[in-house]
Amino acid sequence: DSADGLIDSGLRLSTVEVENLIRSVASELGRFIDDENPILMGELPWNGARVTAIWKSLSRSGPTLAIRKRSSRLITLDEYFATGALSRGHYDVIEFAIEHDWNIIVAGPNASGKTTLLQAVELRAKEMRPARRLYLIEDVEELRDEALPDNIVRVQPDLKLGVTDGDLVRAALRMRPDGIIVAELLRPDACYQFFNALNTGCAAGSATTVHAKSAAHALVRCE
């Protein structure tokens with residue numbers, strides 16, 4: 001999978017090989033996958049790649065494994081502009097929003113580069129105000145350390161313990177951050193708590209990403 005679409009590697013794995021690979025990944029994550037626990041999600045400890053596996057009990061196509069590698073480097077807002085990915089108008093609006101602590105929602109379809117753009121935004125915010133204190137909520141670790149300030153609280157929900165991203169947003173309000181970053185709004189409670197935090201004015205300069213086909217659709221999804 002690349003910016004140009006799917007590319008056939010020519011590599012073919014048997015069902016048994018895929019099963020063994022999935023079991024190996026599960027072992028690295030300290031988890032297990034079987035007919036009773038047929039879905040595995042997490043990140044590889046050595047490179048942060050996101051993995052999702054579906055066991056054969058749920059898949060007519062057989063066991064399935066997807067691995068999404070993190071970007072190998074940071075892309076800056078200046079690079080977005082230089083390559084034409086951002087127009088001068090869009091670039092100036094984002095710069096103004098960062099400088100004036102506006103809240104930012106990055107919206108787009110799956111694999112459109114939402115996290116990559118969010119990183120560029122946070123990198124520029126770090127350059128403008130290196131002492132800024134952030135509170136970051138991620139299901140899996142995606143944002144690179146280089147894009148984030150030194151003063152950061154980085155937390156992760158744990159659904160097995162009953163701790164949701166909504167719970168973590170509520171906790172953020174009592175820690176007086178300069179900004180709250182929710183890497184991806186996935187659940188209704190997190191969405192409600194995040195916008196509630198923004199409306200109280202407690203964390204100006206916050207940001208998140210949303211799966212949506214347009215800016216207008218992003219607002220509809222959040223509703």
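Which helix does F194 lie in? The residue F194 sits in helix α6. Before going further, keep in mind that this is a predicted model.

**Around F194**

Let's stay with F194 for a moment. With a relative accessible area of 1%, F194 is buried, since anything under 20% counts that way. What does F194 touch, once neighbours within four places in sequence are set aside? Its contacts are V169, I180, V182, L185, S206, A207 and T208. There is also L173, which is 21 residues away from F194 in sequence, while the two C-alpha atoms are 9.8 Å apart in space.

**A sheet with a helix across it**

Now over to the sheet. Three strands make up an open sheet in the order β1-β2-β3, and the pairing is antiparallel. At the edges are β1 (39-43) and β3 (64-68), each of which pairs on one side only. On average, neighbouring strands here are turned by 10° against each other, ignoring direction. In general, strands of a sheet pair through backbone hydrogen bonds.

Have a look at how β2 and β3 go together. Strand β2 covers residues 50-54, and five bridges join β2 to its antiparallel partner β3.

Helix α1, residues 15-28, lies across β1, β2 and β3. Relative to β3, helix α1 runs at about 50°. Is E19 buried or exposed? With 10% relative accessibility, E19 counts as buried. Leaving out neighbours within four places in sequence, E19 is in contact with W55, K56 and P63.

**Salt bridges**

How many salt bridges does the structure hold? The count is 18. Here are three of them, with the N to O distance for each:

| Salt bridge | N to O distance |
|---|---|
| E142 and R50 | 2.9 Å |
| R132 and E122 | 3.2 Å |
| D165 and R187 | 2.7 Å |

Start with E142 and R50, whose closest N and O atoms are 2.9 Å apart. E142 is in the loop between β5 (134-137) and β6 (152-155), and R50 is in strand β2, so this pair ties together parts that are 92 residues apart in sequence. As for accessibility, E142 is buried at 13% relative accessible area, whereas R50 is partly exposed at 22%.

Next come R132 and E122, joined by a salt bridge between their side chains. R132 belongs to the loop between α4 (114-128) and β5, E122 belongs to helix α4, and the two are ten residues apart. Both R132 and E122 are buried.

Then there are D165 and R187, whose side chains meet in a salt bridge at 2.7 Å, N to O. This pair links distant parts of the chain: D165 is in helix α5 (residues 165-172), and R187 is in the loop between β7 (179-182) and α6 (188-199), 22 residues apart. How do the two partners compare for burial? D165 is buried, at 2% relative accessibility, while R187 is partly exposed, at 24%.

Salt bridges can also join up into a group here: D78, E95, R124 and E127 are linked in a network of them.

Key: Residues are numbered from 1 along each chain as its sequence is written. This is a predicted model: local features need pLDDT of at least 70, side-chain atom pairs count only at pLDDT 80 or more; totals for chains, interfaces and linings use all residues. Side-chain values use heavy atoms; hydrogens and water are left out. Two strands pair if DSSP finds at least two bridges between them. Helices (H or I, at least four residues) and strands (E, at least two) are DSSP runs, numbered from the N terminus. Axes are lines fitted to C-alpha atoms, for helices over the stretch in contact, and angles run from 0 to 180 degrees between N-to-C directions. Contact means heavy atoms within 4.5 Å. A salt bridge is a side-chain nitrogen of Lys or Arg within 4 Å of a carboxyl oxygen of Asp or Glu. Buried means under 20% relative accessible area, exposed over 50%, partly exposed in between (1.4 Å probe, protein chains only).
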